[in-house]
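Colleague: Please take a close look at one part for me, the interface between the two chains. What holds across it, and which elements and residues build it?

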Amino acid sequence: MKMTRLMLGGALALFIVGAAIGCGSAGEDSSSGNGGSSGKASYPSEDFWAGFKEIPPKNPPNEVVDTAPYEKPASKKLVIAYADSSLSNSWRVMTKADTEEGIAGVGGAGAKLVYTNANDSAPKQISDMEDLIAQHVDAIVISAVDVNAVCPSIEKALDAGIPVIVQERAVDCENYTSFVSLDMVNVAENQMAYIVDRLEGKGEVALIYGIPGVGHTVQGEEGYENVLEENPEIDVVDEQYAKYDPAQAKQLAASILVAHPNVEAFGVISGLMTDGVYEAVEAAGKVDQIKAWDGDDANGWMTLAVEHDLPNMTVPYPTKVGSVSVEVAVAALRGEKVEKTTYVPRWEPAVEFSENLAEFANFEKPAEWWYTEMSCEFDPFCKS
Amino acid sequence: MADTQIAEPVLAQGEALERRIEGNRVRALMRFAGNGGIFIVLALFCLVAVVINGRFLQIENIRTILQLSAPIAILALGQAFVLFAGEIDLSVGSTVSLCAAVLATYMGGSDANIVPTILLAVAVGGLVGALNGGFVAYLGIPSFIATLGTLLAVSGGTLVWTQGAPSSDFAPSWHLISSAGSGEIPTATIAWLLGGAFVAWLLAHKTAWGRRLMLLGSNRRASQIAGLPVARTTFWAFVLSGMFAACAAVYLTSTVGSAQDEIGAGRELESIAACVLGGISLFGGRGRIVSALGGALLLGGLFNFLILQGEPFQLQEIIKGVVVIVAVLGYSRLTRTT
């Protein structure tokens with residue numbers, strides 16, 4: 001028995017130490033991450049955007065929604081529900097925090113938040129909506145798990161006199177009160193247009209999306225397609241879904257680079273995945289071969305781009321969509337003017353944002369942080 | 001009537017003989033897989049893959065396959081202990097997520113903290129395993145139910161603790177744990193695979209505990225009658241499964257330097273599929289633990305081949321499911337013949 005225990009303990013220690021020895025073996029230089037050498041001072045080393053014309057958001061004229069049926073007395077403390085799709089990535093985490101800050105900032109009698117999390121399950125979200133309707137909340141902000149599945153629930157909420165604000169992820173139905181949009185189609189159009197520009201209209205490109213059927217991915221696909229159909233000499237060699245997971249994105253990119261060694265750009269619809277792709281490209285020794293990168297205001301991506309001085313189109317995807325959604329919900333409940341689509345302004349236009357990335361990237365914050373103007377009280381990545 | 005009375009027993013004997021032959025075939029297949037045949041299958045698969053796609057055995061692709069297979073292998077090695085005992089551990093995926101959060105939260109951005117934080121994560125993994133072991137071995141809850149409950153509880157608990165936002169203050173050298181190599185050769189990953197297999201082999205096949213584990217998996221009732229410490233043996237199988245899950249978390253977080261809550265999602269099926277491919281019986285008491293490594297490499301190679309061929313990543317989920325279903329069907333036919 002004693003010998004068995006000794007062997008067990010020794011064997012486990014051997015395993016752990018053996019794995020940890022991987023740290024000390026002859027190795028590559030440090031790759032991506034918050035450490036490493038600094039290209040920060042020299043970013044950007046050249047004008048990576050010379051001659052590129054940004055595609056402006058369309059922001060078409062909007063109908064004004066009749067909010068009179070939803071008006072609540074000014075003395076009422078509002079109960080606003082947030083039917084979240086999940087907390088599966090850091091953008092969602094920060095958007096939830098921004099929503100909470102928005103709730104805290106509601107004037108007058110104030111507001112209370114009721115939060116549900118569907119864990120990326122459409123049936124769960126339908127069930128969440130049923131619960132919220134039964135609780136007679138004053139308004140619902142919903143981040144839809146699926147473009148179609150929640151439409152009947154939205155209809156039911158509206159019939160119950162509850163305004164529904166669709167946040168960020170589009171739904172495939174028209175019966176909601178307002179859609180608070182980050183215009184992901186335009187984000188993706190600019191990302192792909194920049195890739196086409198850097199490749200001078202010709203070359204091999206691989207595309208990496210998020211989760212099939214989710215609004216952000218569906219709009220990203222649409223945006224890429226809008227540009228690609230006008231540039232037939234861009235050869236899309238592979239399209240994969242990495243579920244916003246940098247580890248999966250890395251695996252996929254590594255395999256794609258073997259299958260298609262002449263790839264010159266990756267179209268990646270979220271900066272959450274771009275740093276995984278970069279690690280695969282770096283491991284393959286092909287950083288110089290990739291002529292264009294794209295991303296958003298995820299800190300892991302921003303610090304990477306600045307540190308390695310990458311030619312990039314970084315289009316902000318502000319997490320302040322959370323507090324804006326609350327503002328729209330409150331406006332509906334106060335009987336104020338609400339537009340059918342509310343466009344959340346970006347921190348800066350895409351080209352300016354990309355040029356000034358070194359000002360937005362924060363090397364003191366973790367990779368999961370997203371650029372924000374949120375107060376430290378609500379920012380989950382703020383160490384007080 | 002007389003003809004029927006003669007024919008029925010003959011027919012019944014014929015059916016019994018057919019089932020025995022089928023059972024012998026299945027048993028032969030399992031013996032083949034469990035005795036290292038999986039490595040022959042792996043070699044054949046590589047041969048076929050390289051004929052179809054010449055890039056399959058390029059050095060950079062081999063590196064990719066090894067890095068894809070490593071977390072599956074580490075989890076499968078831990079799962080194998082539980083399968084040997086005739087049980088199953090569905091909580092390994094959520095244990096990976098929990099341990100990843102522990103690593104992300106406590107490393108504090110310092111290389112000096114690497115080893116203590118790894119030990120902490122392994123301890124946490126072991127605790128989850130101990131919980132499972134307690135439920136199954138001492139409270140008599142079926143392992144499918146107990147570990148399913150743990151999966152949900154640990155997954156929910158991790159989300160409540162981190163609120164989806166673990167601090168990812170990893171050490172500057174953290175990525176070297178999985179990516180260190182000599183030129184093109186991924187030394188660290190190979191160390192993980194061989195080191196993990198060696199430790200698991202030692203524990204499963206060279207210790208008295210390991211021999212007891214196989215015995216109780218083969219025949220629990222006989223083991224109890226013989227006075228073997230069945231509960232304690234089962235308990236430690238689950239503890240080891242949890243500890244190996246923690247090691248998988250170390251490897252995974254090292255590959256990307258972050259610890260998303262979903263990092264372990266779905267990996268329990270991968271670990272089971274790898275064990276099954278390696279000839280480890282789902283009903284206990286059969287198999288060689290090193291074959292789990294072969295199963296993991298085959299799965300990793302298959303997944304990589306699909307991407308090389310431009311197939312959608314989601315096919316991997318179909319393959320995992322098919323492997324498990326085919327294995328369960330095979331084993332259920334085997335038990336009907338015995």
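Modeller: Six residue pairs are in polar contact across the interface of chain B and chain A in this predicted model, both residues of each pair at pLDDT 80 or more. Salt bridges across the interface of chain B and chain A number zero by the rule.

Now the elements. On chain B, the side that touches chain A takes two or more residues from each of α2, α4 (114-138), α6 (176-179), α7 (187-205), α8 (208-218), α10 (230-256) and α12 (290-308). The largest share, nine residues, is from α7(B). By class, this side of chain B has 31 nonpolar, 21 polar and 10 charged residues.

Next, the extent. Contact involves 62 residues of chain B and 56 residues of chain A. The two chains bury about 4700 Å² between them. Carbon and sulfur atoms carry 63% of that area. Three residues stand out on chain B: B:V256, B:Q260 and B:F313. Together they supply 13% of the area that chain B buries against chain A, more than any other three residues.

One more feature draws on both chains. The second largest pocket holds about 1100 Å³ of space. Its lining has 42 residues, and A:K243, B:E262, B:G264, B:A265 and B:G266 lie nearest its centre. Chain A gives two or more lining residues from α7 (246-259). By class, the pocket lining has 14 nonpolar, 17 polar and 11 charged residues.

Note on methods. Residues numbered from 1 in each chain as written. Chains lettered and ligands numbered in written order. Predicted model: local features only at pLDDT ≥ 70, side-chain atom pairs only at ≥ 80, totals over all residues. Heavy atoms only, no water. 1 Å grid on protein atoms, 1.4 Å probe; cavity = no way out; pocket = protein on both sides within 12 Å on 5 of 7 lines; lining within 4 Å. Points joined across faces, edges and corners; volume = space filled by probe spheres on them. Helix = DSSP H or I, 4+ residues; strand = E, 2+ residues; numbered from the N terminus. Nonpolar A, V, L, I, M, F, W, Y, C, P; charged D, E, K, R; others polar. Contact = heavy atoms within 4.5 Å. Buried area = accessible area lost by both parts, 1.4 Å probe. Salt bridge = Lys/Arg side-chain N within 4 Å of Asp/Glu carboxyl O. Polar contact = N/O pair within 3.5 Å; in protein donor to acceptor, adjacent residues only side chain to side chain.
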